[in-house]
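Please keep the sequence and the 3D view open while reading.

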Amino acid sequence: MARIKVKIGDVFQIPLPDGGFAYGRVYDDASVGIYSRVSDQPLQPPIGSRSFLFIVGLYSDILENGQWRIIGHDAFGADESTWPPPYFVRDVISGEYQIYHKGLLTPAESHEVVGLEEAAVYDANHIIDRILKEISEDRNTSPHLN
């Protein structure tokens, strides 16, 4: 099977175990944004939305081998960065923090990383688990299902 060439802004579909579908958008630096809105119908990505459940690193083979199908493109506007927001890194030995952004690590204090996503690369099952957790926690306060 030929590898799929994934481009920044590509939109992909994630089949969920409940029969629904979530969608993601490709960012620079091996990162993806998972749109807040999910659908009970396939091929209904919220292109143009800038509401995301989370933005994290994703193993490239998930998209390159077609496990999650590219179904559209959501181009980045001139006022948007293709880079994901900053992530934090915590050294497990020293406990010191760093902020990772645009390929660079800079030292940080603990209060500077509050609200940032921890730097990690997720596999497909971890993304699905997190989507399900996020939408179930938020389902009572805002509708996600189309």
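Aspartate 74 and arginine 50 join their side chains in a salt bridge, with N and O 2.8 Å apart; a salt bridge here is a side-chain nitrogen of Lys or Arg within 4 Å of a carboxyl oxygen of Asp or Glu. This pair links distant parts of the chain, 24 residues apart, since aspartate 74 sits in the loop between strand 5 and strand 6 while arginine 50 sits in the loop between strand 3 (31-35) and strand 4 (52-58). Strands (E, at least two residues) and helices (H or I, at least four) are DSSP runs, numbered from the N terminus.

Aspartate 74 is buried, with a relative accessible area of 4%, whereas arginine 50, at 37%, is partly exposed.

## How the model is read

The structure is a predicted model, in which local features need pLDDT of at least 70 and side-chain atom pairs count only at pLDDT 80 or more, while totals for chains, interfaces and linings use all residues. Residues are numbered from 1 along each chain as its sequence is written, and side-chain values use heavy atoms, with hydrogens and water left out.

Is arginine 25 buried or exposed? Arginine 25, which lies in strand 2 (residues 21-26), counts as buried because its relative accessibility is 0%. Its side chain makes a polar contact with the side chain of glutamate 80 at 3.2 Å, and the side chain of arginine 25 also reaches the backbone oxygen of alanine 75 at 3.2 Å. A polar contact is a pair of N or O atoms within 3.5 Å; within protein, one must be able to donate a hydrogen and the other to accept it, and residues adjacent in sequence count only if both atoms are side-chain atoms.

Glutamate 80 belongs to the loop between strand 5 (70-73) and strand 6 (87-90), and with a relative accessible area of 25% glutamate 80 is partly exposed. Glutamate 80 and glutamine 67 are 13 residues apart in sequence, and their C-alpha atoms are 28 Å apart in space.

## Other salt bridges

How many salt bridges does a search of the whole structure find? The search finds 7. One of them joins the side chains of glutamate 64 and arginine 3 at 3.0 Å, N to O. This pair links distant parts of the chain, 61 residues apart, with glutamate 64 in helix 1 (residues 61-64) and arginine 3 in the segment before strand 1 (10-15). Glutamate 64 is partly exposed at 23% relative accessibility, whereas arginine 3, at 53%, counts as exposed.

Another salt bridge is formed by glutamate 137 and lysine 133, whose closest N and O atoms are 3.2 Å apart. Both residues lie in helix 2 (residues 124-138), where they are 4 residues apart, about one turn of the helix, and glutamate 137 counts as exposed because its relative accessibility is 52%. Elsewhere, salt bridges that share partners join Arg25, Arg50, Asp74 and Glu80 into one network.

## A residue in strand 5

Isoleucine 71 is placed in strand 5 and, at 22% relative accessibility, counts as partly exposed. Isoleucine 71 and tyrosine 23 are 48 residues apart along the chain, and their C-alpha atoms are separated by 9.3 Å.

Methods: Buried < 20%, exposed > 50% of the residue type's maximum accessible area, 1.4 Å probe, protein only.
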